[in-house]
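Colleague: I am new to this structure and would like to learn how to read it. Could we go through it feature by feature?

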Amino acid sequence: MKTHTLLTRNSPLGAPLKIIKQSFSPHRGKPVKRISFVSGLHGDELDGLYLCHRLIQSLRHISASHPEDILGEVHIYPAANPPALNQGTRLWPYYGSDMNRLMGSHPGASLPVQMAQEIYKDIKENSDIVVDIHASNLHLKELPQIRIIEEFSEALVPLAMETHVDLVWVHPMAGVFESTLGYNLNKSGIPALVIETGICMRIDPATVDRLFHGMMHFLKQQGILASLPENIPDLPSPRVIFPRGVAQASAKHSGLFVSRVKLGQTVGEDEIIGYVLDPVKGVVLEEVTSPVSGQLFTLREQPAVHAGALLVRMAREGAKKS
Ligand SMILES: [Zn+2]
(Lines give C-alpha, C1' and ligand atoms only; values in the text may rest on other atoms or scores of the structure.)
Protein backbone atom coordinates (compact mmCIF):
# COMPACT_ATOMS: atom_id res chain seq x y z
CA MET A 1 0.00 0.00 0.00
CA LYS A 2 1.23 3.47 -0.86
CA THR A 3 0.04 6.52 1.01
CA HIS A 4 -0.22 9.75 -1.00
CA THR A 5 -0.95 13.18 0.40
CA LEU A 6 -2.89 14.92 -2.33
CA LEU A 7 -2.84 18.33 -0.87
CA THR A 8 -1.72 20.05 2.30
CA ARG A 9 -2.87 23.44 3.50
CA ASN A 10 -1.89 25.07 6.74
CA SER A 11 -4.81 25.97 8.95
CA PRO A 12 -4.84 29.01 11.24
CA LEU A 13 -4.66 26.77 14.30
CA GLY A 14 -3.69 23.17 14.85
CA ALA A 15 -2.79 20.47 12.35
CA PRO A 16 -2.63 21.21 8.61
CA LEU A 17 -5.45 20.03 6.35
CA LYS A 18 -4.49 17.02 4.27
CA ILE A 19 -6.32 14.77 1.86
CA ILE A 20 -4.91 11.26 1.97
CA LYS A 21 -5.16 8.58 -0.70
CA GLN A 22 -4.25 4.94 -0.13
CA SER A 23 -3.27 3.03 -3.28
CA PHE A 24 -2.81 -0.64 -4.10
CA SER A 25 -1.10 -1.69 -7.34
CA PRO A 26 -0.53 -4.99 -9.12
CA HIS A 27 2.36 -7.11 -7.94
CA ARG A 28 3.78 -6.94 -11.46
CA GLY A 29 2.71 -5.67 -14.87
CA LYS A 30 0.21 -3.05 -15.88
CA PRO A 31 -3.10 -2.70 -14.00
CA VAL A 32 -6.07 -4.30 -15.78
CA LYS A 33 -8.28 -1.48 -14.53
CA ARG A 34 -8.16 1.39 -12.03
CA ILE A 35 -10.92 1.93 -9.48
CA SER A 36 -11.34 4.65 -6.85
CA PHE A 37 -13.45 4.67 -3.70
CA VAL A 38 -14.30 8.06 -2.19
CA SER A 39 -15.95 8.77 1.14
CA GLY A 40 -16.44 11.63 3.54
CA LEU A 41 -17.13 14.38 1.00
CA HIS A 42 -19.88 15.24 3.48
CA GLY A 43 -18.30 15.35 6.93
CA ASP A 44 -21.27 13.93 8.85
CA GLU A 45 -21.61 10.78 6.69
CA LEU A 46 -19.58 8.10 8.39
CA ASP A 47 -20.65 4.71 7.01
CA GLY A 48 -18.36 5.29 4.02
CA LEU A 49 -15.33 5.84 6.25
CA TYR A 50 -15.96 2.49 7.86
CA LEU A 51 -16.44 0.87 4.45
CA CYS A 52 -13.11 2.32 3.30
CA HIS A 53 -11.50 0.99 6.47
CA ARG A 54 -12.81 -2.51 5.67
CA LEU A 55 -11.51 -2.25 2.10
CA ILE A 56 -8.07 -0.97 3.11
CA GLN A 57 -7.74 -3.63 5.81
CA SER A 58 -8.70 -6.42 3.43
CA LEU A 59 -6.52 -5.20 0.53
CA ARG A 60 -3.57 -4.81 2.89
CA HIS A 61 -4.06 -8.41 3.93
CA ILE A 62 -4.28 -9.59 0.31
CA SER A 63 -1.20 -7.61 -0.74
CA ALA A 64 0.75 -9.17 2.13
CA SER A 65 -0.45 -12.76 1.74
CA HIS A 66 -1.40 -13.11 -1.97
CA PRO A 67 0.06 -10.10 -3.79
CA GLU A 68 -0.42 -11.85 -7.15
CA ASP A 69 -4.22 -11.60 -6.60
CA ILE A 70 -4.18 -7.83 -7.10
CA LEU A 71 -4.43 -7.28 -10.84
CA GLY A 72 -5.69 -3.72 -10.95
CA GLU A 73 -5.12 -0.43 -9.20
CA VAL A 74 -7.32 0.50 -6.24
CA HIS A 75 -7.28 4.05 -4.89
CA ILE A 76 -9.11 4.85 -1.68
CA TYR A 77 -9.85 8.40 -0.50
CA PRO A 78 -11.33 7.56 2.90
CA ALA A 79 -11.72 11.09 4.28
CA ALA A 80 -12.23 13.46 1.38
CA ASN A 81 -13.31 16.46 3.44
CA PRO A 82 -11.11 16.57 6.58
CA PRO A 83 -12.28 19.90 8.07
CA ALA A 84 -15.96 18.92 7.89
CA LEU A 85 -15.18 15.43 9.26
CA ASN A 86 -13.35 17.00 12.19
CA GLN A 87 -16.42 19.08 12.96
CA GLY A 88 -18.96 16.36 12.17
CA THR A 89 -20.76 18.63 9.73
CA ARG A 90 -21.99 18.04 6.18
CA LEU A 91 -20.56 21.36 4.98
CA TRP A 92 -17.13 22.95 5.16
CA PRO A 93 -16.81 24.80 8.46
CA TYR A 94 -16.61 28.62 8.17
CA TYR A 95 -17.33 28.64 4.42
CA GLY A 96 -20.62 26.73 4.55
CA SER A 97 -19.65 25.12 1.23
CA ASP A 98 -20.89 21.73 0.11
CA MET A 99 -17.79 19.96 -1.23
CA ASN A 100 -19.94 17.74 -3.45
CA ARG A 101 -21.34 20.82 -5.20
CA LEU A 102 -17.94 22.16 -6.27
CA MET A 103 -16.93 19.45 -8.75
CA GLY A 104 -16.42 19.74 -12.49
CA SER A 105 -15.47 23.18 -13.71
CA HIS A 106 -16.20 25.60 -10.93
CA PRO A 107 -15.44 29.30 -10.57
CA GLY A 108 -13.73 30.80 -7.53
CA ALA A 109 -10.57 30.03 -5.60
CA SER A 110 -11.70 29.59 -2.00
CA LEU A 111 -10.05 26.80 -0.05
CA PRO A 112 -13.05 24.45 -0.40
CA VAL A 113 -13.04 25.06 -4.18
CA GLN A 114 -9.29 24.40 -4.38
CA MET A 115 -9.62 21.15 -2.42
CA ALA A 116 -12.64 19.97 -4.39
CA GLN A 117 -10.92 20.71 -7.69
CA GLU A 118 -7.74 18.96 -6.59
CA ILE A 119 -9.49 15.79 -5.52
CA TYR A 120 -11.70 15.83 -8.63
CA LYS A 121 -8.64 16.14 -10.89
CA ASP A 122 -6.78 13.36 -9.08
CA ILE A 123 -9.76 10.99 -9.23
CA LYS A 124 -10.35 11.77 -12.90
CA GLU A 125 -6.73 11.18 -13.87
CA ASN A 126 -6.37 7.93 -11.95
CA SER A 127 -9.68 6.09 -12.34
CA ASP A 128 -11.53 3.97 -14.86
CA ILE A 129 -14.42 3.43 -12.41
CA VAL A 130 -15.38 5.36 -9.28
CA VAL A 131 -17.54 4.53 -6.26
CA ASP A 132 -18.60 7.60 -4.25
CA ILE A 133 -20.03 6.64 -0.86
CA HIS A 134 -22.61 8.76 0.95
CA ALA A 135 -25.00 8.33 3.87
CA SER A 136 -28.41 9.91 4.26
CA ASN A 137 -29.22 12.95 6.42
CA LEU A 138 -30.63 12.67 9.96
CA HIS A 139 -34.22 12.85 8.75
CA LEU A 140 -34.49 9.85 6.47
CA LYS A 141 -32.94 6.42 6.82
CA GLU A 142 -32.07 4.64 3.59
CA LEU A 143 -31.71 1.01 2.62
CA PRO A 144 -28.22 0.59 1.10
CA GLN A 145 -28.67 1.63 -2.51
CA ILE A 146 -26.93 2.85 -5.61
CA ARG A 147 -28.55 5.90 -7.17
CA ILE A 148 -28.26 6.36 -10.90
CA ILE A 149 -29.35 9.37 -12.93
CA GLU A 150 -31.53 8.15 -15.83
CA GLU A 151 -29.25 9.39 -18.61
CA PHE A 152 -26.39 7.19 -17.35
CA SER A 153 -28.48 4.10 -16.62
CA GLU A 154 -27.44 2.08 -19.67
CA ALA A 155 -23.78 2.18 -18.67
CA LEU A 156 -24.21 2.10 -14.90
CA VAL A 157 -26.97 -0.44 -14.16
CA PRO A 158 -24.87 -3.45 -15.32
CA LEU A 159 -22.00 -2.24 -13.10
CA ALA A 160 -24.30 -1.60 -10.15
CA MET A 161 -25.64 -5.16 -10.44
CA GLU A 162 -22.13 -6.45 -9.71
CA THR A 163 -22.00 -4.61 -6.37
CA HIS A 164 -24.88 -6.64 -4.87
CA VAL A 165 -26.37 -3.70 -2.95
CA ASP A 166 -29.98 -4.17 -1.85
CA LEU A 167 -31.37 -1.68 -4.32
CA VAL A 168 -30.44 0.18 -7.51
CA TRP A 169 -32.60 3.26 -7.99
CA VAL A 170 -32.65 4.88 -11.42
CA HIS A 171 -34.05 8.38 -10.93
CA PRO A 172 -34.59 11.52 -13.02
CA MET A 173 -31.95 14.25 -13.33
CA ALA A 174 -32.23 17.34 -11.14
CA GLY A 175 -30.22 20.57 -11.37
CA VAL A 176 -28.68 19.94 -7.95
CA PHE A 177 -26.58 17.08 -9.37
CA GLU A 178 -24.76 19.22 -11.94
CA SER A 179 -21.84 20.06 -9.67
CA THR A 180 -21.48 16.68 -7.97
CA LEU A 181 -18.55 14.33 -8.30
CA GLY A 182 -20.69 11.49 -9.67
CA TYR A 183 -22.42 13.56 -12.34
CA ASN A 184 -19.23 15.18 -13.61
CA LEU A 185 -17.31 11.91 -13.79
CA ASN A 186 -20.16 10.21 -15.63
CA LYS A 187 -20.43 13.17 -18.00
CA SER A 188 -16.73 12.90 -18.77
CA GLY A 189 -17.05 9.18 -19.54
CA ILE A 190 -15.78 7.70 -16.26
CA PRO A 191 -18.52 5.49 -14.79
CA ALA A 192 -19.24 6.59 -11.22
CA LEU A 193 -21.59 4.73 -8.87
CA VAL A 194 -23.06 6.75 -6.00
CA ILE A 195 -23.92 4.81 -2.85
CA GLU A 196 -26.49 6.18 -0.43
CA THR A 197 -27.07 4.33 2.81
CA GLY A 198 -28.30 4.49 6.40
CA ILE A 199 -28.32 7.77 8.19
CA CYS A 200 -25.66 10.37 8.97
CA MET A 201 -23.66 10.62 12.23
CA ARG A 202 -24.00 6.87 12.78
CA ILE A 203 -22.34 3.66 11.64
CA ASP A 204 -24.40 0.54 11.06
CA PRO A 205 -21.77 -2.23 11.03
CA ALA A 206 -24.08 -4.90 9.59
CA THR A 207 -25.00 -2.71 6.64
CA VAL A 208 -21.41 -1.74 6.01
CA ASP A 209 -20.34 -5.40 6.17
CA ARG A 210 -22.86 -6.17 3.45
CA LEU A 211 -21.59 -3.25 1.35
CA PHE A 212 -18.01 -4.36 1.92
CA HIS A 213 -18.80 -7.90 0.75
CA GLY A 214 -20.54 -6.40 -2.28
CA MET A 215 -17.53 -4.23 -3.15
CA MET A 216 -15.23 -7.27 -2.95
CA HIS A 217 -17.53 -9.07 -5.41
CA PHE A 218 -17.36 -5.98 -7.62
CA LEU A 219 -13.55 -5.95 -7.56
CA LYS A 220 -13.53 -9.62 -8.54
CA GLN A 221 -16.11 -9.12 -11.32
CA GLN A 222 -14.08 -6.23 -12.70
CA GLY A 223 -10.95 -8.39 -12.81
CA ILE A 224 -9.17 -6.18 -10.29
CA LEU A 225 -8.97 -9.09 -7.84
CA ALA A 226 -8.03 -12.50 -9.22
CA SER A 227 -10.11 -14.30 -6.62
CA LEU A 228 -12.60 -13.61 -3.90
CA PRO A 229 -11.28 -13.99 -0.34
CA GLU A 230 -12.74 -17.06 1.37
CA ASN A 231 -14.64 -15.11 4.01
CA ILE A 232 -16.75 -13.19 1.47
CA PRO A 233 -20.24 -14.77 1.21
CA ASP A 234 -22.44 -15.07 -1.87
CA LEU A 235 -24.99 -12.27 -2.10
CA PRO A 236 -28.33 -11.89 -3.86
CA SER A 237 -28.65 -9.59 -6.87
CA PRO A 238 -29.93 -6.05 -6.35
CA ARG A 239 -33.47 -5.01 -7.04
CA VAL A 240 -33.55 -2.36 -9.79
CA ILE A 241 -36.25 0.29 -9.70
CA PHE A 242 -37.05 2.96 -12.25
CA PRO A 243 -38.91 6.25 -11.58
CA ARG A 244 -42.37 4.76 -12.18
CA GLY A 245 -41.58 1.98 -9.70
CA VAL A 246 -41.24 4.40 -6.79
CA ALA A 247 -44.12 5.58 -4.59
CA GLN A 248 -43.99 7.83 -1.56
CA ALA A 249 -46.11 9.06 1.33
CA SER A 250 -45.85 12.47 2.99
CA ALA A 251 -47.30 13.92 6.18
CA LYS A 252 -50.57 15.81 5.77
CA HIS A 253 -50.28 17.41 9.22
CA SER A 254 -47.49 18.80 11.36
CA GLY A 255 -46.83 16.64 14.39
CA LEU A 256 -44.86 13.66 15.65
CA PHE A 257 -44.46 10.77 13.21
CA VAL A 258 -44.38 7.43 14.99
CA SER A 259 -43.74 4.58 12.59
CA ARG A 260 -45.08 1.05 12.87
CA VAL A 261 -42.80 -0.44 10.22
CA LYS A 262 -39.16 -1.26 9.67
CA LEU A 263 -36.87 -0.18 6.87
CA GLY A 264 -36.67 -2.88 4.20
CA GLN A 265 -40.04 -4.36 5.17
CA THR A 266 -42.60 -5.22 2.49
CA VAL A 267 -46.07 -3.83 3.21
CA GLY A 268 -49.40 -4.14 1.44
CA GLU A 269 -51.41 -1.28 -0.06
CA ASP A 270 -53.38 0.66 2.61
CA GLU A 271 -51.53 -1.08 5.43
CA ILE A 272 -50.75 1.20 8.37
CA ILE A 273 -47.21 2.64 8.22
CA GLY A 274 -47.52 4.85 11.30
CA TYR A 275 -49.26 7.82 12.84
CA VAL A 276 -48.83 11.57 12.97
CA LEU A 277 -49.70 12.67 16.50
CA ASP A 278 -50.35 15.89 18.36
CA PRO A 279 -48.44 15.21 21.56
CA VAL A 280 -49.79 18.28 23.34
CA LYS A 281 -53.48 17.54 22.82
CA GLY A 282 -52.99 13.80 22.89
CA VAL A 283 -54.78 13.17 19.61
CA VAL A 284 -53.97 11.19 16.48
CA LEU A 285 -53.91 13.66 13.60
CA GLU A 286 -53.42 11.15 10.87
CA GLU A 287 -53.17 7.46 10.19
CA VAL A 288 -50.46 7.06 7.55
CA THR A 289 -51.12 4.19 5.18
CA SER A 290 -49.06 2.62 2.45
CA PRO A 291 -49.79 4.10 -0.99
CA VAL A 292 -48.90 0.81 -2.76
CA SER A 293 -47.77 -2.74 -2.08
CA GLY A 294 -44.02 -2.79 -1.96
CA GLN A 295 -40.76 -2.55 -0.07
CA LEU A 296 -39.90 0.42 2.17
CA PHE A 297 -36.51 1.71 1.12
CA THR A 298 -36.62 5.16 2.75
CA LEU A 299 -38.14 5.70 6.19
CA ARG A 300 -38.53 8.91 8.19
CA GLU A 301 -36.24 8.72 11.22
CA GLN A 302 -36.58 12.23 12.67
CA PRO A 303 -40.11 12.17 14.12
CA ALA A 304 -40.87 15.91 14.24
CA VAL A 305 -42.55 16.62 10.90
CA HIS A 306 -44.20 19.50 9.16
CA ALA A 307 -47.07 19.00 6.75
CA GLY A 308 -45.60 17.86 3.44
CA ALA A 309 -42.57 16.11 4.95
CA LEU A 310 -41.55 12.86 3.24
CA LEU A 311 -42.27 9.84 5.44
CA VAL A 312 -41.52 6.83 3.24
CA ARG A 313 -40.35 5.91 -0.23
CA MET A 314 -41.33 2.51 -1.55
CA ALA A 315 -40.33 0.20 -4.36
CA ARG A 316 -43.62 -0.98 -5.87
CA GLU A 317 -44.25 -4.67 -5.96
CA GLY A 318 -44.04 -5.97 -9.49
CA ALA A 319 -41.45 -3.33 -10.37
CA LYS A 320 -38.53 -4.97 -12.17
CA LYS A 321 -36.51 -7.23 -9.91
CA SER A 322 -33.39 -8.98 -11.17
ZN1 LIG B 1 -23.29 12.88 1.05
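**Reading burial and helix packing**

Modeller: Let us begin with one residue, keeping in mind that this is a predicted model: Val-194 is buried, because 25 other C-beta atoms lie within 10 Å, and a residue counts as buried at 20 or more. Val-194 belongs to strand 8.

Colleague: Which residues is Val-194 in contact with, leaving aside its neighbours within four places in sequence?

Modeller: Those residues are Asp-132, His-134, Ile-146, Arg-147 and Gly-182. The C-alpha atom of Val-194 is also separated by 9.4 Å from that of Ala-160, although the two residues are 34 apart along the chain.

Colleague: What covers the buried residues of helix 6?

Modeller: The cover includes strand 8 (192–198), together with strand 6 (140–149) and helix 1 (47–65). Among the buried residues of helix 6 are Val-208, Leu-211, Phe-212 and Met-215.

Colleague: How should I read the packing of helix 1 and helix 6?

Modeller: Two packed helices are described by the angle between their axes and by the distance between those axes. Here the axes of helix 1 and helix 6 come within 9 Å and cross at roughly 50°, which makes helix 1 oblique to helix 6.

Colleague: Which residues of the two helices meet?

Modeller: From helix 1, Asp-47, Tyr-50, Leu-51, Arg-54, Leu-55 and Ser-58 meet Thr-207, Val-208, Leu-211, Phe-212, Met-215 and Met-216 of helix 6. By class, this contact has eight nonpolar, two polar and two charged residues.

Methods
Residues numbered from 1 in each chain as written. Predicted model: local features only at pLDDT ≥ 70, side-chain atom pairs only at ≥ 80, totals over all residues. Buried ≥ 20, exposed ≤ 12 C-beta atoms within 10 Å, placed from the backbone. Helix = DSSP H or I, 4+ residues; strand = E, 2+ residues; numbered from the N terminus. Contact = placed C-beta atoms within 7 Å. Axes fitted to C-alpha atoms, helices over the stretch in contact; angles between N-to-C directions. Parallel < 35°, antiparallel > 145°, perpendicular 65-115°, else oblique. Nonpolar A, V, L, I, M, F, W, Y, C, P; charged D, E, K, R; others polar.
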